[in-house]
Amino acid sequence: MSGAVVTLVVAVFGVLGTLLAPWLSQRVQARAARDDFERQQAAARTQWDREQERADLALRRGCYVATNAAYRRYRVEILNFLWFSHQGVVTERERDALEQARQAHHAAFAEAQMVASSAVLEQLDAVTQMLSEAYRRTMCLHEGNPEPGGSFDEIRDYLKWLWERWEELRGVMRVDLGVDGSAAG
């Protein structure tokens, strides 16, 4: 009898194995497909994150280039206007050039406020205030109402000093873009 019982147990396990094999195979395949899908999703997320970082970097780079150009132009036009005012030969051309540079500066600053990192924005705020002060002093001098610290030489020296401050800002921008790994300023 014991041979018959063994045969019966072997037969039951054989039938159960035959019946369960497709079900077990499907479960293993489903698990493998799910794992593969999750790997693909993770890879897609990683790729999307990289593309976002590249797009953000490109946006900041473009903004910083435009801001750099606008701030430089504004500073130069204030210097030009100061010089022409000192010479007593300010024309509509000089006024227009200064106003266009001022408006371009405002537009670049507005864009930077939406894109720049906190460190860059802090520096931009400070330099913007200093440029506004230089503009105000220059206009007061031009209108014949100079303030203390508002002579031609003092404003010119202030604008030279502001250039050094701008170099610090440019360094912070470069660090933010990953162009220069050293600490700015």
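User: In which helix is Gln123 found?
Analyst: Gln123 is found in helix α3, where a helix is a DSSP run of H or I of at least four residues, a strand is a run of E of at least two, and both are numbered from the N terminus. This is a predicted model, in which local features need pLDDT of at least 70 and side-chain atom pairs count only at pLDDT 80 or more, while totals for chains, interfaces and linings use all residues. Residues are numbered from 1 along each chain as its sequence is written, and side-chain values use heavy atoms, with hydrogens and water left out.

User: Why is Gln123 called buried?
Analyst: The relative accessible area of Gln123 is 15%. Buried means under 20%, exposed over 50%, and partly exposed in between, with a 1.4 Å probe and protein chains only. Gln123 is therefore buried.

User: What does Gln123 touch?
Analyst: Leaving aside residues up to four places away in sequence, Gln123 touches Arg165, Leu169 and Val172. A contact means heavy atoms within 4.5 Å.

User: Why is Gln40 called partly exposed?
Analyst: Gln40, in helix α1, has a relative accessible area of 46%, so Gln40 counts as partly exposed.

User: What makes Val15 partly exposed?
Analyst: Val15 is also found in helix α1, and its relative accessible area of 48% makes Val15 partly exposed. The C-alpha atoms of Val15 and Val76 are separated by 91 Å, and the two residues are 61 residues apart along the chain.

User: How many disulfides does the structure hold?
Analyst: The structure holds zero disulfides, a disulfide being a pair of cysteine sulfur atoms within 2.5 Å. As for individual cysteines, Cys63 has a relative accessible area of 1% and is therefore buried. Cys140, at 16%, is buried.

User: What about α4: which span should its 26 residues have?
Analyst: The 26 residues of α4 should span 38 Å; the end C-alpha atoms lie 37 Å apart, which agrees. Among the buried residues of α4 are Ile155, Trp166 and Met173. The buried residues of α4 pack against α1 and α3. After α4 comes Gly178, with a positive phi near 80°.

User: Which residues touch the most other members of the largest nonpolar core?
Analyst: Ile78, Val120 and Leu124 do, out of 33 residues in that core. The elements giving two or more residues to the core are α1, α2, α3 and α4 (152-177). The most come from α4, with 10 residues. A nonpolar core is a set of buried Ala, Val, Leu, Ile, Met, Phe, Trp, Tyr and Cys residues joined through side-chain atoms within 4.5 Å. Val120 touches Tyr64, Leu169, Val172, Met173 and Asp176, not counting residues up to four places away in sequence.

User: How many aromatic pairs does a search of the whole structure find?
Analyst: The search finds four aromatic pairs. Rings of Phe, Tyr and Trp (its six-membered ring) pair if their centres lie within 6.5 Å; planes under 30 degrees apart count as stacked, over 60 as edge-to-face and the rest as tilted. One of these pairs is Tyr74 and Tyr135, tilted, at 6.3 Å centre to centre and 40° between the planes. Tyr74 lies in helix α1 and Tyr135 in helix α3, so this pair ties together parts 61 residues apart in sequence. Both Tyr74 and Tyr135 are buried.

User: Why is the pair of Trp83 and Phe152 called tilted?
Analyst: The ring centres of Trp83 and Phe152 are 6.0 Å apart with the planes at 55°, so the pair is tilted. Trp83 lies in helix α1 and Phe152 in helix α4, so the pair ties together parts that are 69 residues apart in sequence. Trp83, at 44% relative accessibility, counts as partly exposed, while Phe152, at 12%, is buried.

User: What sits over the ring of Tyr158?
Analyst: The charged end of Arg137 does, 4.4 Å from the ring centre. A charge sits over a ring if NZ of Lys or CZ of Arg is within 6 Å of the ring centre and within 35 degrees of the ring normal.

Terms used. The expected span of a helix is 1.5 Å times one less than its number of residues.
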